[in-house]
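Student: I have a chain open on my screen and want to go through it. Can you take my questions as they come?

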Amino acid sequence: MQTLSITSLIKDSPSAVAILDTELRFAGNSRVWLNDFCPDYESIIGENYYQVIPHTKNILQPIFEECLENGSKNMNSGQKFIYPNGNEQWIKWKISAWTDSDEKIGGLIVLLEDVTETKRREELYAKAEEVARIGGWELDMTTNNIYWTDITKDIHEVPRDYEPNLESGINFYKKGEHRDLITNLVSNGIADGTPWDTELIIVTAKGKELWVRAKGEVVFTDGKCERLYGTFQDIDEKKRTELSLSKVSERLALATQGANVGIWDYDMVNNQLVWDDNMYRLYGINKNDFNGEYEAWQAGLHPDDKKRGDQEIAMAISGEKDFDTEFRVIWPNGEVRFIKATAVTQRDSNGKAIKMTGTNWDITELKNSQMMLAKSQESFFGAFENSDTGMAIVSISGKWIKVNQSLCSSLGYKEKELLKLTFQQITHPEDLQNDLDLLHQTIAGEIPSYQIGKRYFHKDGSVIHGILTVTAVRNINGKILHFISQITDITPQIENEKKLTRLVDITTEQNDSLLNFAHIVSHNLRSHSSNLSMLTNFLVKERSDNERKNLLGMLRGASDSLNETILHLNEVVQVKIGAIEKMKDINLYEAIKAVEKNLNLIIKEKKAVCEINVPKDLVIKGIPAYLDSIILNLITNSLKYSSPERPPLIQISSERKSSHIKVSFKDNGLGIDLKRHNDKLFGMYKTFHRNKDAKGIGLFITKNQMEAMNGKIEVESTVDVGSVFILYFEKPLT
């Protein structure tokens, strides 16, 4: 056991040492202790250690307790303490118990040393090695064993307890030139002390190839190699970047040469212009004929571009704008070439321009192509604007990009109006899907173009018939830029075809009517003629006055029937004569109300309801007399053939269509069995109910009157439910 007197002289100790009693109160201390650990105290005798130096308590308290209890010692080469204010301090210590004369533990001797600077340097070195991936190694030639630092082991991807030797260390290098080179370098170092510094590839324990920088030094003693040591650094990322840049630089050199791109430097301070070999080729001059001054470059410019070239150089120097321009140069043989030039300006610390570095490349072919393209575009747009065919440039979304005047005229829009629309908005709904299907096939590359017949809506609502031809315009990558659409207006031809078809239909109907008329004349007149002849013969032979009187009455009735038949036939003939010339604009509502007024007594007698759902301003094109006859006939038929089970209800409605006006006469009467009578519904002298007033002439004449006005009549009917007669009239032109 150790016996110490508290009064021992420790004040002048060169170390920070303190004597503590069993209560950890200071019994003595050196001046160095006060300076290093208690600068705010003049004396700490009698003070508790934790009160004076509280920030070490967490770590030192268990150590103090153990030393006091066991009389043991504790040493530490450096422990980091982080204080509440964030400061860090490394403290090295040696702690041991002291005993009194009775060998009883009287307290502790504490020796502290602030090693913060040393540890901080070590920590920084370790961090630097870790960040830079620099490890160390040492070879003991007497044992042939190699020592690797942790970083070196990490680079080789081996565990921390790995123990390499010279052979295994060399075998990590990639087989071939890399392993051969390191073997030679180590051998030469051992033989003659030659150091090395090289970059090679190793294959790690996990099979990964890494570029490393290996440095080695040799220590000789009495002419014999005793030790080798050095550093080992992971440079894989840096090396691969360098190699990649080297390849890029090589490619760039080849590319600039192949693309005929020149690189130049202009030293403004010394008025020195440096060109690479491509620059001389771009300007068509020999290297020996160029003196490397700004004026020499300027001399090769086209006279019309010199002033602008000087101005753009001046603006780049002043910082007003970057140097990015095009100009012409004249070769010594008189040939003119177009040059594209760009450059960056370098400046000194004061912002003064001192150097420009840039590139030149020949764009003559591009310029020629652009001029040819401009002429081609001019030609195209000239043809586009002046074409009699409607033409448009249309985006993929269907929006008009550009339209010509012919298309505007066909569709009735001004150019600005049409450009606000898409083709979908003015396409007839029945034709849209077919167009879109073909458009999608073109976009998908399945077809290069397509042509279809298609209907468009004119601005006034009328239908325009056209032949649409669509061609896709693609860029060099095959991507569609837009479509060229040609729209040939064939509305006049379609209308003529319709008129011709209608004329053929009318002619056919006329022939059928004539044939029907001939049959009627042949049958009805022959019947009347035979009846009259027979009655006349009876009258001549009859002697009885009463019989003769009776026969005269029968003869008068037969004569009246003949006259009625002739009147009907004459009415049918008159319907077709001069009908078109009599066509006028007629207010439909007023025409219906006029007929309703004339039939007012009959309507009241039948207790019928007549609902007129027709706009008061609705105008149709027709013949007034025919229209009155048609309305009269349809209303009287509804009253005549009403159901005895319910009051008559007549509903008259209208609907505006794009090309015509549709008018419906609906009733709730007896109805017609269309399965039985559909084919003869509008035939002459055809009746479908046992009505004594039915003559079978009204619907026949109504149909002829509608057709004479370029219209038509249709019927929908259900027995004991009612009938709907649908009339189609022409719309007025305005």
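Student: How much of the chain counts as buried?
Tutor: This is a predicted model. Of its 734 residues, 37% count as buried.

Student: And what does the accessible surface come to?
Tutor: About 43,300 Å², and 51% of that belongs to carbon and sulfur atoms.

Student: How many helices and strands?
Tutor: The chain has 22 helices and 27 strands.

Student: What share of the contacts join residues at least 24 apart?
Tutor: Among contacts between residues at least 6 apart in sequence, the share is 50%.

Student: Salt bridges next. How many are there?
Tutor: The structure holds 27 salt bridges. One of them joins Asp 435 to Lys 454, with the closest N and O atoms 2.4 Å apart. That pair links distant parts of the chain: Asp 435 sits in helix H15 and Lys 454 in strand E18, 19 residues apart.

Student: Are Asp 435 and Lys 454 buried or exposed?
Tutor: Asp 435 counts as buried at 1% relative accessibility. Lys 454, at 4%, counts as buried too.

Student: What about Arg 656 and Asp 617, how far apart are N and O there?
Tutor: Their side chains meet in a salt bridge at 3.8 Å, N to O.

Student: Which helix holds Arg 308 and Asp 305?
Tutor: Both lie in helix H11, residues 303-318, and they are 3 residues apart, about one turn of the helix. Asp 305 is buried, with a relative accessible area of 5%, and Arg 308 is partly exposed at 30%.

Student: Which residues are in a network with Arg 308?
Tutor: Asp 305, Glu 312 and Arg 328 are linked with Arg 308 in a network of salt bridges.

Student: What caps its N-terminal end?
Tutor: Asn 587 caps H18, with a side-chain oxygen 3.1 Å from the backbone nitrogen of Tyr 589.

Student: Which residues make the nonpolar surface patch?
Tutor: Leu 500, Leu 503 and Val 504 make a patch of about 280 Å². Leu 500 belongs to helix H16, residues 491-541, and is exposed, with a relative accessible area of 52%.

Student: Now Ser 485. Buried or exposed?
Tutor: Ser 485 counts as buried, at 7% relative accessibility. It is in strand E20. Leaving aside neighbours within four places in sequence, its contacts include Gly 390, Met 391 and Leu 468.

Student: And what is Thr 702 in contact with?
Tutor: Beyond its neighbours within four places in sequence, Thr 702 is in contact with Ile 630, Asn 633 and Ile 713. Thr 702 lies in helix H22 and counts as buried at 1% relative accessibility.

Terms used. Residues numbered from 1 in each chain as written. Predicted model: local features only at pLDDT ≥ 70, side-chain atom pairs only at ≥ 80, totals over all residues. Heavy atoms only, no water. Polar contact = N/O pair within 3.5 Å; in protein donor to acceptor, adjacent residues only side chain to side chain. Helix = DSSP H or I, 4+ residues; strand = E, 2+ residues; numbered from the N terminus. Patch = residues over 30% accessible without salt bridge, like charges linked within 9 Å, V, L, I, M, F, W, Y side chains within 5 Å. Areas by Shrake-Rupley, 256 points an atom, 1.4 Å probe, with all protein chains shown as cover. Salt bridge = Lys/Arg side-chain N within 4 Å of Asp/Glu carboxyl O. Buried < 20%, exposed > 50% of the residue type's maximum accessible area, 1.4 Å probe, protein only. Contact = heavy atoms within 4.5 Å.
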